[in-house]
Amino acid sequence: MASTREMEEFLREVSGKAYRQALFSVKNEETALDMVQDSMMKLSEKYGDKPASELPMLFTRILQNTILDFHRRQKVRNTWTTLFSSFQKDDDDDFDVLENLLARDDAQHDSAQDEVEQGQNMKVIEEAIAELPERQRQAFILRYWEEMDLAETAAVMGCSEGSVKTHCSRATKALAAVLKQRGLGR
């Protein structure tokens with residue numbers, strides 16, 4: 001059973017990564033914050049009696065399910081909006097531009113110019129990740145940013161390991177093409 005201190009420490013450590021995952025997926029800061037907070041509440045309320053070693057997988061699964069639920073609700077809302085849009089003026093809901101979110105506190109830079117270039121490059125990468133299809137983005141983030149192994153990623157995504165490999169392969173190819181197009185790849 002995880003102690004209160006272990007739970008608090010875990011939630012503090014995971015909050016930044018969880019926020020970035022949610023933001024990449026929903027492209028709205030407030031919604032992303034709400035998703036992370038809801039996921040943290042669900043973890044502590046429903047799984048507070050689990051050992052600390054199980055918290056990362058449980059939380060990741062809760063967050064991914066919260067994100068999928070959001071997209072399902074949005075799909076239904078968009079269907080109704082589309083059906084009734086002919087009766088209203090053309091109001092487009094644009095998403096906010098993805099902002100640079102990764103803190104580089106421990107990174108050392110030779111100059112201010114290097115730091116600015118690094119920030120610009122990171123923004124391009126984050127924007128490219130945000131444009132990936134949902135399942136590709138989910139697989140990419142879990143495998144390469146969260147450093148989960150293939151089996152863990154498959155368990156969180158609720159699919160086979162082969163599907164995870166396919167999603168990751170497609171994501172890396174798409175990202176490589178975007179980065180090459182923007183002059184960041186080889």
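This is a predicted model: local features need pLDDT of at least 70, side-chain atom pairs count only at pLDDT 80 or more; totals for chains, interfaces and linings use all residues.
## Contact and Cover

Two residues are said to be in contact when heavy atoms of theirs lie within 4.5 Å. The buried residues of H4 are Gly119, Met122, Val124, Glu126, Ala128, Ile129 and Ala130.

Helix H4 has 19 residues, and the distance from its first C-alpha to its last is 27 Å. This is close to the 27 Å expected at 1.5 Å a residue.

## The Chain as a Whole

The protein chain contains 7 helices and 0 strands, and its pattern along the sequence is α-α-α-α-α-α-α. Of its 186 residues, 34% are buried. The accessible surface is about 12,000 Å², and carbon and sulfur atoms account for 48% of that surface.

Contacts also show how the chain is folded upon itself. Among those between residues at least 6 apart in sequence, 65% join residues at least 24 apart.

## Helix H2

Helix H2 (residues 29-47) has 19 residues, which should span 27 Å at 1.5 Å a residue; the end C-alpha atoms are 26 Å apart, in agreement with that expectation. At the start of H2, the backbone nitrogen of glutamate 30 has a side-chain oxygen of asparagine 28 within 3.1 Å.

The buried residues in H2 include Ala32, Met35, Val36, Ser39, Met40 and Leu43. Viewed down the axis of H2, the buried residues fall within an arc of 130°, so they line one face of the helix. Glu45 and Lys46, on the other side of H2, are exposed.

## Serine 39 and Its Neighbours

Serine 39 lies in helix H2. Its relative accessible area is 0%, and the residue counts as buried because the limit for that class is under 20%. When residues up to four places away in sequence are not counted, serine 39 touches Phe59, Ile62, Leu63 and Thr66.

The model has 2 aromatic pairs. In the pair of phenylalanine 10 and phenylalanine 59, the ring centres are 6.0 Å apart and the planes stand at 80°, so the arrangement is edge-to-face; the cut-off for that class is over 60 degrees. The pair links distant parts of the chain, since phenylalanine 10 belongs to helix H1 (residues 4-26) and phenylalanine 59 to helix H3 (residues 55-84), 49 residues apart. Both phenylalanine 10 and phenylalanine 59 are buried.

In helix H6 (residues 150-157), the buried residues are Leu150, Thr153, Ala154, Val156 and Met157. Seen down the axis of H6, these residues fall within an arc of 165°, so they line one face of the helix. The N-terminal end of H6 is capped by aspartate 149, with a side-chain oxygen 3.1 Å from the backbone nitrogen of alanine 151. After H6 comes glycine 158, whose phi is positive, near 70°.

Note on methods
Residues are numbered from 1 along each chain as its sequence is written. Side-chain values use heavy atoms; hydrogens and water are left out. Helices (H or I, at least four residues) and strands (E, at least two) are DSSP runs, numbered from the N terminus. The expected span of a helix is 1.5 Å times one less than its number of residues. Buried means under 20% relative accessible area, exposed over 50%, partly exposed in between (1.4 Å probe, protein chains only). The arc is that of the directions from the helix axis to the C-beta atoms. A polar contact is a pair of N or O atoms within 3.5 Å; within protein, one must be able to donate a hydrogen and the other to accept it, and residues adjacent in sequence count only if both atoms are side-chain atoms. Accessible areas come from the Shrake-Rupley method with a 1.4 Å probe; for residues, only the protein chains shown count as cover. Rings of Phe, Tyr and Trp (its six-membered ring) pair if their centres lie within 6.5 Å; planes under 30 degrees apart count as stacked, over 60 as edge-to-face and the rest as tilted.
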